[in-house]
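User: I am new to this structure and would like a short walk through it. Could we start with how it is divided and go on from there?

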Amino acid sequence: MTQHPATPAGPGAPLISVRGLGHAYGPRQIFQDLDFSVEKGEFVCIVGPSGVGKTTLLGCLTGLQRPTDGTVHFDGELVKGTPQGLAIVFQDYSRSLMPWLSVRDNVALPLRSAGVGKKERIVRSAEALAEVGLADFLDSYPWQLSGGMQQRVAIARALAFNPKAIVMDEPFASVDAQTRADLEDLVLKVRDELGIAVMLVTHDIDEAVYLADTVLVLSGKPATVKALIPVDLPTPRDQLGTKAEPRFAELRSEIYTYIKKPAVATA
Amino acid sequence: MRILQRIAWEIWLPLVLVAAWWIVSANSTDTYFPSLHAILDRSRELWFWEGTREDVLPSLRRLAIGYLIACVVGVLAGLVLGSVHWLSNASRPYIEFLRSTPGIALMPLVSLVFGLGDSFKIVTIALVCCWPVLLNTIDGVHGVEPQLSDVARSYRMTTADRVRFILLPSAAPQIFAGARTALAIGVIAMTATEMIGIGGGLGFFTLNASTSFDYTGLWSGIIALGVVGYILNKLFALVERRLIAWHYGLMAHSQGGN
């Protein structure tokens, strides 16, 4: 990730590039002057205090919301609606899955609209569910599964789409600690195997450092990019080893300082 | 065994009441309240099978056509009104007014236009049945989880797929609740239209028996109407359980803790 990206098109160009992005609800400016980019296959975590506008930012990145200033380019194209090649995993699995569809149909449904034939839908949804370790639950209903498993279904739904990037809005906020660790490792595994870029919003600094290649700190009122911190921890990450590294603690306190620091003009 | 037990629980009280009726009315000499024995004899004679062919089936046919029209119109209009907010706001007062107007009050007007034959009956049934379906469909569509709309939008789902796989199933439990109320009202409308219309049917039979001093016939008609209503309701519940099995599963699941 770099601040002030080069031209968004062409080979070697970033996958997502954000320029001068700002959003206001009426007179209330939520964030402004955001400039950053996400490379292909990069894992970026966005952290910031609650109410800083992380979800609004994701809305703008995914085209669900129209920003009041600036532009987002995805794969060289200006984002208006959600671009092909971008899939979203929502925060609350219990509300983002359809209780009337089986696990397999939940995953296959978006493919249907995308014009994928029935046979391929069946194959691709089964593959995606195998990837997240749910090969044995194709015919269950989501509400028959645990919370962590339901979020896996939501992740599989995103993967079945063969996206270049997945955007996740606090995806592990409503599961217990052990499940959370499992899901974190699952997302890392998926990223490594499929080379998908991930943008993940979290308010948990530990989680951000553990997962990310780069942590983007969003803070202030209106919010701006306070820091872009490359995470130079060895890969693959490991729940025990990585979190015991002295560097892990350093990065964590560095990020914490940025979040707490009162707004100072950096321009 | 389980099933037998359930049936036993459901019918023991009706059985007791029928037995009581039987015993109390056994030696009745009152012309208006004949003995149950006489009524049942008459019912057997009437409904197996000539009366069923001549009165019950035509009644059911009218009810079925009127009811189906009401369901289709109610659901389609409900989907549109539920999805388009300004339209739903604009039409709310009219809908509230129309559905508060007793459907039976429309019968004279409808008969002016359609006469007293089958179309009058079918139109009246459709008119009174469509309101609960329409209102419940609108509410059901309004109640669709907003997050699912975001999911649909972000995965670029087509409108047809959204309606078929998100809107309709999500609203289905409420649509069914409305359709069930509509069915009960439909039986009432069927009976009432047949009482003032021409061309037979259970309602006509019952009223006609009363005016021609055939009181066992009158009671047989009332009982037949009750049985028809009961069976229709049971059939409806059966269909509902099948079509929205997921809903009952989900309810049972969330009540069971977890």
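Analyst: Chain A falls into domain 1 (1-85 + 163-267) and domain 2 (98-159), with bounds that come from an automatic or database domain assignment. This is a predicted model, in which local features need pLDDT of at least 70 and side-chain atom pairs count only at pLDDT 80 or more, while totals for chains, interfaces and linings use all residues. Residues are numbered from 1 along each chain as its sequence is written, and chains are lettered from A and ligands numbered from 1 in the order in which they are written.

User: How many residues of domain 1 of chain A are in contact with domain 2 of chain A?

Analyst: Ten residues of domain 1 of chain A are in contact with eight residues of domain 2 of chain A; contact means that the C-beta atoms of two residues, placed from the backbone, lie within 7 Å. Helix α6 (residues 177-194) of chain A gives the largest share of the domain 1 side, five residues. Helices (H or I, at least four residues) and strands (E, at least two) are DSSP runs, numbered from the N terminus. The domain 1 side divides into seven nonpolar, two polar and one charged. Here Ala, Val, Leu, Ile, Met, Phe, Trp, Tyr, Cys and Pro count as nonpolar, Asp, Glu, Lys and Arg as charged, and the others, Gly among them, as polar.

User: What about sheets? In which order do the strands of the open sheet in chain A come?

Analyst: The order is β2-β1-β4-β5 (chain A), with antiparallel pairing; two strands pair if DSSP finds at least two bridges between them. β2 (28-38) and β5 (77-78) of chain A are at the edges with a single partner strand each, so one side of each has no neighbour in the sheet. Strand β4 (residues 69-74) of chain A pairs with β5(A) over two bridges, and F74(A) stands opposite E77(A).

User: Switching topic: is A128(A) buried or exposed?

Analyst: A128(A) is buried, because it has 25 C-beta neighbours inside 10 Å. The rule is that a residue is buried if 20 or more other C-beta atoms, placed from the backbone, lie within 10 Å of its own, exposed if 12 or fewer, and partly exposed in between. A128(A) belongs to helix α4 (residues 118-131) of chain A. Leaving aside neighbours within four places in sequence, A128(A) is in contact with V107(A), A156(A), L159(A) and A160(A).

User: And where is N162(A)?

Analyst: N162(A) is in the loop between α5 (147-160) and β7 (165-169) of chain A. N162(A) is 34 residues from A128(A) in sequence, yet their C-alpha atoms are 9.3 Å apart in space. The phi of N162(A) is near 50°, a positive value in a residue other than glycine, and N162(A) is partly exposed, with 16 other C-beta atoms within 10 Å.

User: What is the phi of E170(A)?

Analyst: E170(A) has a positive phi of about 40° although it is not a glycine. E170(A) lies in the loop between β7 and α6 of chain A, and E170(A) is buried, with 20 other C-beta atoms within 10 Å.

User: Which residues does the cis peptide bond with omega near -5° join?

Analyst: That bond runs from K221(A) to P222(A). In chain B, a cis peptide bond joins F48(B) and W49(B), with omega about 0°.

User: Last one: how many residues of chain B are in contact with chain A?

Analyst: 19 residues of chain B are in contact with 19 residues of chain A. On the chain B side, α7(B) gives the largest share, six residues.
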